[in-house]
Amino acid sequence: MSTKHWFLLQYKPNSHRLALRNLHRQGFETFLPMQDVTQRHSTKFVQQRRPLFPGYMFVSFALDTAPWRKINSTVGVARLVSFDGQPKALPSDLIAGLMARCDTQGRVLPPDQFAPGDELQVMSGPFAEYVATIETIDAEQRIWLLMEFMGQKTRMAVWPEQVQLTK
């Protein structure tokens, strides 16, 4: 039996759910890492789950035995990323590393690398783009930040998904 490898697939705009459903019906294993994104819509903030790599997902099959050519004609799929007419397998450690960072639904988990004193950049919400210092992390995994705001230190709470370490 030949081994399965992971390949890159481009799906049609806003068709990731359709492509996933149709690939699963055909027996292909897929992986679509998702992330939660907060966006401002007029006066409120809306949390949405979006693909980590917009327009792309991963599909697994054995190149020599699977009927992989039918992937290109699957509803929702634009094309299997190929070079010289042949799909190129992705490094297995890359996919394994991505899968290790995701939960069972494919949602990217926040890294457990935050500690008091670290400098973080707020990525979403009303304080997006602000840089702050971690004061504490509580039992519910909320991160309490000290933020320099209008000449004063202000304390605020954020969730790990809302921040990233500054380099």
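W6, F31, F53 and F58 come together as one aromatic cluster. The structure is a predicted model, and a search across the whole of it finds 7 aromatic pairs.

- The rings of W6 and F31, two members of the cluster, form an edge-to-face pair, with 6.5 Å from centre to centre and 70° between the planes.
- Because W6 belongs to strand β1 (residues 5-11) and F31 to strand β2 (residues 29-31), their pairing ties together parts of the chain that are 25 residues apart in sequence.
- W6 has a relative accessible area of 11% and is therefore buried, the cut-off being under 20%.
- F31 also counts as buried, since its relative accessibility is 7%.

**The pair F7 and F61**
- F7 and F61 form an aromatic pair of the stacked kind, in which the ring centres are 4.3 Å apart and the planes make an angle of 15°.
- This pair links distant parts of the chain, as F7 lies in strand β1 and F61 in strand β5 (residues 56-61), 54 residues apart.
- F7 is buried, with a relative accessible area of 1%, and F61 is likewise buried, with a relative accessible area of 1%.

**A charge over a ring**
- The ring of W144 has the charged end of R155 sitting over it, at 4.2 Å from the ring centre.

Technical notes. Residues are numbered from 1 along each chain as its sequence is written. This is a predicted model: local features need pLDDT of at least 70, side-chain atom pairs count only at pLDDT 80 or more; totals for chains, interfaces and linings use all residues. Side-chain values use heavy atoms; hydrogens and water are left out. Rings of Phe, Tyr and Trp (its six-membered ring) pair if their centres lie within 6.5 Å; planes under 30 degrees apart count as stacked, over 60 as edge-to-face and the rest as tilted. Helices (H or I, at least four residues) and strands (E, at least two) are DSSP runs, numbered from the N terminus. Buried means under 20% relative accessible area, exposed over 50%, partly exposed in between (1.4 Å probe, protein chains only). A charge sits over a ring if NZ of Lys or CZ of Arg is within 6 Å of the ring centre and within 35 degrees of the ring normal.
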